[in-house]
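Dear colleague,

I am passing on the structure below, with a written account of what came out of going through it. Please read the text alongside the coordinates.

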Amino acid sequence: MSDKRKKRKFNAIRERRRLNQLREEGRLVNGEEVPSRAVPADQSQQDPNNSYSLRPAYYIDLDFTCCDCGKADVWTAEQQKWYYETAKGSLYATAIRCRDCRIRLKDLKEEQRQHMEEMKRRDADG
Ligand SMILES: [Zn+2]
């Protein structure tokens with residue numbers, strides 16, 4: 001066997017070992033290697049309404065600009081995992097608002113809800 005072929009064979013064995021190692025560590029999802037900074041995804045927990053090809057194998061911190069105040073923020077890999085797998089969010093959805101603006105919007109919606117209930121109560125009384 002030539003040195004070149006030996007080397008190629010050696011590389012193939014090394015690659016197989018590396019992939020086995022990744023699989024054991026849970027860093028190989030659906031045949032895709034999870035980068036060291038990323039969080040592996042549990043694709044069985046992702047929204048089943050989306051096609052399989054759309055499902056990410058892992059999550060990685062995402063920089064974005066808030067659509068309300070223009071502040072730069074980060075949607076972390078852990079937050080994405082929670083959103084897509086625990087909250088069953090749509091895989092088409094992504095972060096558009098910073099934390100402050102999300103809280104502000106939530107408060108505003110709550111205020112509107114209370115206002116509507118107040119109006120209903122008034123209608124019932126009158
Ligand atoms: Zn904002």
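**What was found**

S36 is exposed, since 6 other C-beta atoms lie within 10 Å of its own, and a residue counts as exposed when that number is 12 or fewer. Please keep in mind throughout that this is a predicted model. S36 sits in the loop between strand 2 and strand 3, the latter covering residues 39-40. From S36 to R113 the separation is 77 residues in sequence and 44 Å in space, taken C-alpha to C-alpha.

**Overall layout**

The protein has three helices and six strands, and read from the N terminus the order of these elements is α-β-β-β-β-β-β-α-α. Its radius of gyration is 24 Å, well over the 14 Å that the globule rule gives for 126 residues, and the protein is therefore more spread out than a compact globule. Along the principal axes, the C-alpha trace spans about 95 × 30 × 20 Å. Of the 126 residues, 6% count as buried, where being buried requires 20 or more other C-beta atoms within 10 Å. As for the contacts between residues at least 6 apart in sequence, 45% of them join residues that are at least 24 apart.

**The two domains**

The protein is divided into domain 1, residues 1-33, and domain 2, residues 34-125. The centres of domain 1 and domain 2, taken over C-alpha atoms, are separated by 37 Å. Seven residues from domain 1 and six residues from domain 2 take part in the contact. On the side of domain 1 that touches domain 2, the elements that give two or more residues are strand 1 and strand 2, and the residues of that side divide into two nonpolar, two polar and three charged.

**Helix 1 and what follows it**

Helix 1, which runs over residues 3-24, has 22 residues and reaches 31 Å from its first C-alpha to its last, close to the 32 Å expected at 1.5 Å a residue. The number of buried residues among the 22 of helix 1 is zero, so this helix lies largely in the open. After helix 1 comes G26, whose phi is positive, near 75°.

In N30 phi is near 55°, a positive value in a residue other than glycine. N30 is found in the loop between strand 1 (28-29) and strand 2 (32-33), and it is exposed, with 11 other C-beta atoms within 10 Å. K88 likewise has a positive phi, of about 55°, although it is not a glycine. The place of K88 is the loop between helix 2 (77-86) and helix 3, and because it has 12 C-beta neighbours inside 10 Å, K88 counts as exposed.

Strand 5 (residues 62-65) and strand 6 (residues 72-75) pair in the antiparallel sense over four bridges. Which residues of strand 6 stand opposite L62 and D63? L62 stands opposite W75, while the bridge partner of D63 is V74. The two strands form a hairpin with six residues between them, and in the turn G70 has a positive phi of about 80°.

**Helix 3**

Helix 3 has 27 residues and reaches 39 Å from its first C-alpha to its last, close to the 39 Å expected at 1.5 Å a residue. Helix 3 is hardly covered, as the count of buried residues among its 27 residues is zero. A124 is found in this helix, which takes in residues 99-125, and with 7 C-beta neighbours inside 10 Å, A124 counts as exposed. Between A124 and I103 there are 32 Å in space, C-alpha to C-alpha, for a separation of 21 residues in sequence.

With best regards

Note on methods. Residues numbered from 1 in each chain as written. Predicted model: local features only at pLDDT ≥ 70, side-chain atom pairs only at ≥ 80, totals over all residues. Rg over C-alpha atoms; globule rule 2.2 N^0.38 Å. Contact = placed C-beta atoms within 7 Å. Expected span 1.5 Å × (residues − 1). Domains from an automatic or database assignment. Nonpolar A, V, L, I, M, F, W, Y, C, P; charged D, E, K, R; others polar. Pairing = 2+ DSSP bridges.
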